[in-house]
Amino acid sequence: MHTDITASRWIDFRKGIIDCLPTVLGYLSIGFAAGVVERTAGFSMLEIALFSLLLYAGSAQFIAAGMWASGASITAIIFTIFLANLRYLLLSAALAPYFKGQPVWKNSLLGYQLTDETFAVAANNLTRHGSLNTTWMFGLNLTAYLNWFIANIAGGFVGEWIGDPKVYGLDFALPAMFIGLIVLQMQERKEWPLDLSVAAIAIILTLLFTIFMPVGFSVILATLCAATWGMGVERWR
């Protein structure tokens, strides 16, 4: 019986690894770009390694590198990263009900390794199967985590010889992957009118909110408003 359980868990773990593979190329390109940007901003290879392992957030790493290069204070960088990463509270809260009953350390590790990309893969899996498996999620997250680290280190080494990452379009790598993930999820759901209207509302509200609040917070608030509207339409139509 124990052997059967172990074999089943290994199958689920391997399935998580396989399901992560479509995002691996995106992780490699974005992580590489993040490593280059961090290196050109003056960070050492050790600092880049710690960034990728401890901060582990593409947008936050781009923000930190850019602000550091422009001479921003540590306090300003930390506060900006905090605002930019608040969205992970929403992502974690959305998946939390599917991991009830798990030990605190497991849920903490799953939350720590959750990214926009692994959330998108998990959401697509929910759309197809209606449930999530803890071992599968660990396989998904760990694959992304290790690929991100490797890509950051590779970008850091290459960054020694690149003066301006913008010349090669590396600063657009992260938005490009987000766009790709959104399109893939929209294709899976096949709710184009509703999804496009939610995206349009989020963009318009972000532009409006940015007038009187920080950019990071305006994105979060606009996303909440647009998602709430989309959920209401989907439920009541």
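Phe43, Phe51 and Trp68 come together as one aromatic cluster. Rings of Phe, Tyr and Trp (its six-membered ring) are paired here if their centres lie within 6.5 Å; planes under 30 degrees apart count as stacked, over 60 as edge-to-face and the rest as tilted. By this rule there are six aromatic pairs. The model you are looking at is predicted, so to speak plainly about its limits: local features need pLDDT of at least 70, side-chain atom pairs count only at pLDDT 80 or more, and totals for chains, interfaces and linings use all residues. Residues are numbered from 1 along each chain as its sequence is written, and side-chain values use heavy atoms, with hydrogens and water left out.

**Two aromatic pairs**

A pair of aromatic rings is described by the distance of the centres and the angle of the planes. Here are two of the pairs.

| Pair | Centre to centre | Angle between planes | Arrangement |
|---|---|---|---|
| Tyr56 and Tyr145 | 4.8 Å | 85° | edge-to-face |
| Phe209 and Phe212 | 6.0 Å | 70° | edge-to-face |

Where do Tyr56 and Tyr145 sit? Tyr56 is in the loop between helix H2 (45-55) and helix H3 (58-69), while Tyr145 belongs to helix H8 (residues 134-158). The pair links distant parts of the chain, 89 residues apart. Helices (H or I, at least four residues) are DSSP runs, numbered from the N terminus. Both Tyr56 and Tyr145 are buried.

Buried means under 20% relative accessible area, exposed over 50%, and partly exposed in between (1.4 Å probe, protein chains only). Phe209 has 13% relative accessibility, so Phe209 counts as buried. Phe212, at 58%, counts as exposed.

**Helices H7 and H8**

How do H7 and H8 pack? Their axes are 10 Å apart and the angle is about 150°, which means that H7 is roughly antiparallel to H8. Axes are lines fitted to C-alpha atoms, for helices over the stretch in contact, and angles run from 0 to 180 degrees between N-to-C directions. Angles under 35 degrees count as roughly parallel, over 145 as roughly antiparallel, 65 to 115 as roughly perpendicular and the rest as oblique.

Contact (heavy atoms within 4.5 Å) is made by Thr118, Val121, Ala122 and Asn125 of H7 and by Trp136, Met137, Leu140, Asn141 and Ala144 of H8.

Helix H7 (residues 116-129) also holds Ala120. Ala120 is buried, with a relative accessible area of 6%.

Terms used: Helix = DSSP H or I, 4+ residues; strand = E, 2+ residues; numbered from the N terminus.
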